Amino acid sequence: MSTENEEWREDSKSENTDAGRDGNRSFNREGGYSRPSYNREGGDRPYRPRFNSNSEDRPQRSYGDRPQRPSYNREGGDRPYRPRYNNDNRSQGFSRPIRRTGDYDPNAKYSKKKQIEYKEQFVDPNEPIRLNKFLANAGVCSRREADEFITAGVVSVNGEVVTELGTKIKRADVVKFHDETVSIERKVYVLLNKPKDCVTTSDDPQARLTVMDLVKGACAERIYPVGRLDRNTTGVLLLTNDGDLASKLTHPKYLKKKIYHVYLDKNLTKADMDQIAAGIQLEDGEIHADAISYSDEVKRDQVGIEIHSGKNRIVRRIFESLGYKVVKLDRVFFAGLTKKGLRRGEWRYLTEQEVNFLRMGSFE
């Protein structure tokens, strides 16, 4: 029996080999069809030489011989060599942002001309303008101070001294202040993220740090803060020499929106929050918040409050009247402007679009 099995195996092996050479399918030992094999001399499809063959009559190729994109070295090539890494061995395309140092200037990459020149809109060169306003727009002084200089006889128009208040002139007139010709300055708009321990004034008798000290390198024109923030109040503050815009942003009738982030010494109760929204009677009249909500739902000692009133220390007085102490106060929104992208003490110029929105009153 064993002899017959061995002969059967030999016969099957021989048949399978012959069938493979003829290009026919053959049975494997499990009874299925095996994939046809093709020899090097013939078969249904041509022989394809393998890589790394050592035979002399076949082309010798290696994986390294496969076509590759052309490489360009530093000495030549169709295009110049472009290094992938900078001198610090960091990838230019995927490096993490570098931390900004204390002397970082967010406006350094722009030319000064583009920073502070804005297009004049809705200005008729033939429209009369008050003399005190002309002097204020020229950066000489404020309107109130201009009235004092006019009555003192140190201002002349087209060679004649003018002492009458309310006098109107044309922009093309020649105006002199102390015998020096003055002209209306180009408008400048600077947004500052005011830090703590900094006073909002042009000059401080106590020689404390002022907002003017922080923006002294912004321009040669005389700019001044629009509105005031307490010494310990931080956040959005606009400085400009555009007197008309400053008046619109600070006058009570225009009701420009302000949003503050308030940090209290204890949690604010829901009852007190509702009372602030409904209205609180203070010594100078009733005041209510346009909107108020918790900034931290867990601690509830931080709230955001939206208000339009420009009364002095109004936010602090609201909470103090209910027995709370304001630990920290940060203005995060003013007339459509935010401090986004500015660290404490940093400033930037307003964009053309922001200026246009402010001029047209598009911001709340």
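1. Buried here means under 20% relative accessible area, exposed means over 50%, and partly exposed lies in between (1.4 Å probe, protein chains only). Please keep in mind that this is a predicted model, in which local features need pLDDT of at least 70 and side-chain atom pairs count only at pLDDT 80 or more, while totals for chains, interfaces and linings use all residues. Numbering runs from 1 along each chain as its sequence is written, and side-chain values use heavy atoms, with hydrogens and water left out.

2. An α-helix has 3.6 residues a turn, so residues three or four places apart point the same way. Helices (H or I, at least four residues) and strands (E, at least two) are DSSP runs, numbered from the N terminus.

3. Now to the rings: the whole structure holds two aromatic pairs. In one, the ring centres of Phe149 and Phe177 are 4.9 Å apart and the planes stand at 75°, so the pair is edge-to-face. Phe149 belongs to helix α4 (residues 143–151) and Phe177 to strand β5 (residues 175–177), so this pair links distant parts of the chain, 28 residues apart. Phe149 is partly exposed at 29% relative accessibility, whereas Phe177 is buried at 16%.

4. Trp347 and Tyr349 also pair edge-to-face, with centres 5.0 Å apart and planes at 90°. Trp347 is buried at 13% relative accessibility, and Tyr349 is buried at 7%. (Rings of Phe, Tyr and Trp, the last by its six-membered ring, pair if their centres lie within 6.5 Å; planes under 30 degrees apart are stacked, over 60 edge-to-face, and the rest tilted.)

5. Two lysines deserve a look. The charged end of Lys266 sits over the ring of Tyr324, 5.1 Å from its centre, and Lys328 lies over the face of Tyr263, 4.9 Å from the ring centre. The criterion is NZ of Lys or CZ of Arg within 6 Å of the ring centre and within 35 degrees of the ring normal.
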